[in-house]
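Hi everyone, thanks for coming along. Let me put the structure up, and then we'll walk through a few parts of it together.

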Amino acid sequence: MAKLLITGGRKLSGEVKVQGSKNSTLPILAATLLCEDESVLYNCPKLSDVDASIRILRYLGCKAQRSDNTLIVDTSNITKSDIPHDLMREMRSSIIFLGVLIARCGRAKMSLPGGCELGPRPIDLHLSALRQMGIEITEQHGELECVVNDFIKPSKIALSFPSVGATENVMLTAVKAKGTTIITNAAREPEITDLADFLNSCGARITGAGESTIVIEGVSKLHGCCHSIIPDRIVAATLMSAIAATSSSVTLDGVILSHLCALIPVFEQAGCELSYKEGKLSVSAPYKLRSPKLIRTMPYPGFPTDAQAPIMAMTCKSNGLTVFVENIFESRYKHVDELNRLGANIKVEGKVAVVDGVKHLSGANVQALDLRGGAALIVAALSAQGQTEILGLPYLERGYEDFEVVLESLGADIKKI
Ligand code: UD1
């Protein structure tokens, strides 16, 4: 079983390029199915979740080929409209193929995604919106079967929560509707805007992405295009946490500053100096961090739930108390016990976690139990005295491309064995 060995206490320095966004790449890869053509995607991270999406595309009959961080996908011929259970199980977000299969084939069959390490992951918002668009959906024995009767009906979809996945599934279905679909209370995440930019380059007519109301005028045909995936704001946040936790100074290349709008104030409260010029963000951390007071996870543009764990790891050694309130997922404090094994002082009550900064963390054997929790353990281990062994690397490989290589290039003492 692979593990990471980290000897903490080394300062990081230099410059590093931030990888492309996982959460943009996955829906855009699914969206290529709508093009019935070749699309070229640049800046695609090499991740196991991306590989899982490619396996689904190939199963459906598409051609996909990778050359470093460029993916060329040809979806001109597809032979299936179902996704088997084993492929669905590899990645919960494969539910994003639902909308595209409906729009491309007029039908879709796949297993229900079920819960995951973050707790229950319902898809009721996806399904009720699709039903509103005239899709007939049957759920039986954990299987989902969807059929379009006549055509995809344009609708006014009011989401009761700005779900990222539901917004994406509705957009992907509505691009082929007969008329105009309006989504209100839509998710506003940058990955939604990236998906709309990709689809518009393919001939779709989407306005308002990035705002609460998205308007999608259906078109009869899309074509392929070349598109560059946006940088991963959560990987940027993780690197910033590692820089801050180790009192280091590093420049991140390929950052879109507005995507970090809720994160910047947290690092400033912690005493970090930040400067930004032409896509490069320099982060310089003080010897001792101050504790940010209150961090509440919210839909974008609020503080991202995906950054909660790495930033919590950063606060473990800061001066004072930080209160975290996790408002998006039920089971998103699995890293807390592991951080406490490294000497942190964190107490959890329901959706609230209180971090009381300690003087030192010390190396221990710990286990990643989910993707961002695993990243948090790396951040803590880099700032701990002595050696930490981290198991559970498959979680990390879902979202971080060659993370140990990236950190080693900045001077960290980190090895994968
Ligand atoms: C996406 C991201 C994930 C991020 C999350 C929130 C991808 C591949 N994943 O996940 O990294 O943590 O956004 O920013 O982009 N919900 C329902 N019913 C639904 C759908 C969602 O109750 O039909 C609830 C979920 O249980 C959760 C909340 O809404 O509590 C947010 O979920 P959602 O925004 O849909 O997240 P994902 O798209 O799954």
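Let's start at C272, which is buried at a relative accessible area of 6%; buried here is under 20%, exposed is over 50% and partly exposed is in between, using a 1.4 Å probe and protein chains only. Please keep in mind that this is a predicted model, where local features need pLDDT of at least 70, side-chain atom pairs count only at pLDDT 80 or more, and totals for chains, interfaces and linings use all residues. Residues are numbered from 1 along each chain as its sequence is written, and side-chain values use heavy atoms, with hydrogens and water left out.

How many disulfides does the whole structure have? A search finds zero, taking a disulfide as two cysteine sulfur atoms within 2.5 Å. For C272, the nearest cysteine sulfur belongs to C316, 15 Å away.

Now to the strands, which are DSSP E runs of at least two residues, numbered from the N terminus. Strands β16 (residues 273–277) and β17 (residues 280–284) run antiparallel, joined by five bridges; pairing takes at least two DSSP bridges. Y276 sits opposite L281 in β17. Two residues separate the strands of this hairpin, and E278 in the turn has a positive phi of about 45°.

Last, the inside. A nonpolar core is a set of buried Ala, Val, Leu, Ile, Met, Phe, Trp, Tyr and Cys residues joined through side-chain atoms within 4.5 Å. The largest has 74 residues, with F97, L98 and L199 making the most contacts inside it. A second, separate core of 72 residues includes V18, L263, V266 and A412.

Key: Helix = DSSP H or I, 4+ residues; strand = E, 2+ residues; numbered from the N terminus.
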